[in-house]
Amino acid sequence: MITEFLRAYQLDIMLALASICMIIAVFVALTKRLTKRRKFVMMYMEISSGILLLSDRLAYQFRGNTSMLGFWMVRISNFLVFFLTLSVIHAFNLYLVDLFRNEGGFEKVPLRFRMVEVLIALGWLLIIVSQFTGFYYSFNASNRYQRGPGFVVSYALPLLSICIQLTVVHPNAGRFRPRIRYALIWFVIAPVLASIMQIFIYGVSLTNIVIVGMAIVTYIACLLDTNDSVEQMNRSQMQYLQKEQEDMRRLFDQTTTAFVNAIDARDINTRGHAARVASYAKGIAAFCGMDKKACDEVY
């Protein structure tokens with residue numbers, strides 16, 4: 001039932017998700033709350049995701065088109081689909097590296113993240129080689145995509161990369177706030193499940209749709225977490241300023257009291273006069289119905 005729904009509406013779903021990714025990329029470019037590195041990573045992830053789904057959509061639209069335009073569009077779009085799938089995972093890996101260095105408190109980047117980069121580079125290389133050998137895929141006389149002998153490798157490399165990321169994310173998820181924690185875990189679990197299903201489902205870009213969906217969720221989680229951090233920082237700053245104000249007021253009161261006492265102490269008849277006047281004034285204020293804060297101000 002779900003498979004039939006995706007087959008019927010997946011082009012519309014791809015267009016909607018790709019549009020969201022491109023809009024998010026614009027928002028990321030305009031925001032000032034992210035560091036330069038994280039802004040670059042988020043833009044890289046969202047732009048790659050958007051172009052990935054647009055390319056996948058074009059691959060479906062032009063399949064079977066034997067014109068010169070169809071010939072090139074099918075080949076270019078399929079190449080981008082395979083290439084950008086790895087790019088999205090690569091962007092997520094860069095996001096993890098930045099996250100573990102800053103919020104996670106890691107002094108050194110976990111070696112497994114470097115292993116993921118090697119696997120992604122290998123995947124990119126195999127995609128290029130496949131264009132000349134048909135290792136991943138090829139096209140028949142009707143200009144239709146057909147799987148090659150190594151198509152399993154094209155799914156295995158991204159799947160293995162995500163599994164390696166999972167081995168780092170899962171045991172260290174407690175280092176991050178709940179929103180980030182759940183987004184990270186779902187980003188690495190959902191594509192794994194989708195990739196396993198994709199092996200048995202032909203004609204539906206389930207893995208790509210799920211990966212792009214998780215990229216959108218990751219941005220939302222990052223945005224909400226950044227807002228929480230800014231609000232917490234503002235609250236801390238306000239509390240600090242209020243404490244500073246109270247300290248300054250206390251210092252002023254102590255200085256004034258010491259000055260008045262020094263003046264009163266010059267004559268035995270005026271000793272304690274200012275304190276008694278302040279006490280009487282406070283009592284009169286309380287008798288008139290003023291609250292405690294107002295009485296303290298009078299004193």
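**The salt bridges**

Guide: Happy to! The structure holds three salt bridges, a salt bridge being a side-chain nitrogen of Lys or Arg within 4 Å of a carboxyl oxygen of Asp or Glu. This is a predicted model, where local features need pLDDT of at least 70 and side-chain atom pairs count only at pLDDT 80 or more, while totals for chains, interfaces and linings use all residues. Residues are numbered from 1 along each chain as its sequence is written, and side-chain values use heavy atoms, leaving out hydrogens and water.

Let's start with D98, which forms a salt bridge with R38, the closest N and O atoms being 2.7 Å apart. This pair links distant parts of the chain, since D98 is in helix α3 and R38 in helix α2, 60 residues apart; helices here are DSSP runs (H or I, at least four residues), numbered from the N terminus. D98 also meets R37 in a salt bridge, at 3.9 Å from N to O. R37 lies in helix α2 (residues 36-62) and D98 in helix α3, so this pair ties together parts 61 residues apart in sequence.

How buried or exposed are these side chains? Buried means under 20% relative accessible area, exposed over 50%, and partly exposed in between, using a 1.4 Å probe and protein chains only. D98 counts as buried at 5%, and R38 counts as buried at 8%, whereas R37 is partly exposed at 37%.

Now look at helix α4, where R114 and E117 both lie, three residues apart, about one turn of the helix. Their side chains meet in a salt bridge at 3.8 Å, N to O. R114 is partly exposed at 37%, and E117 is partly exposed at 24%. As for R37, R38 and D98, salt bridges that share partners join them into one network.

Note on methods. Helices (H or I, at least four residues) and strands (E, at least two) are DSSP runs, numbered from the N terminus.
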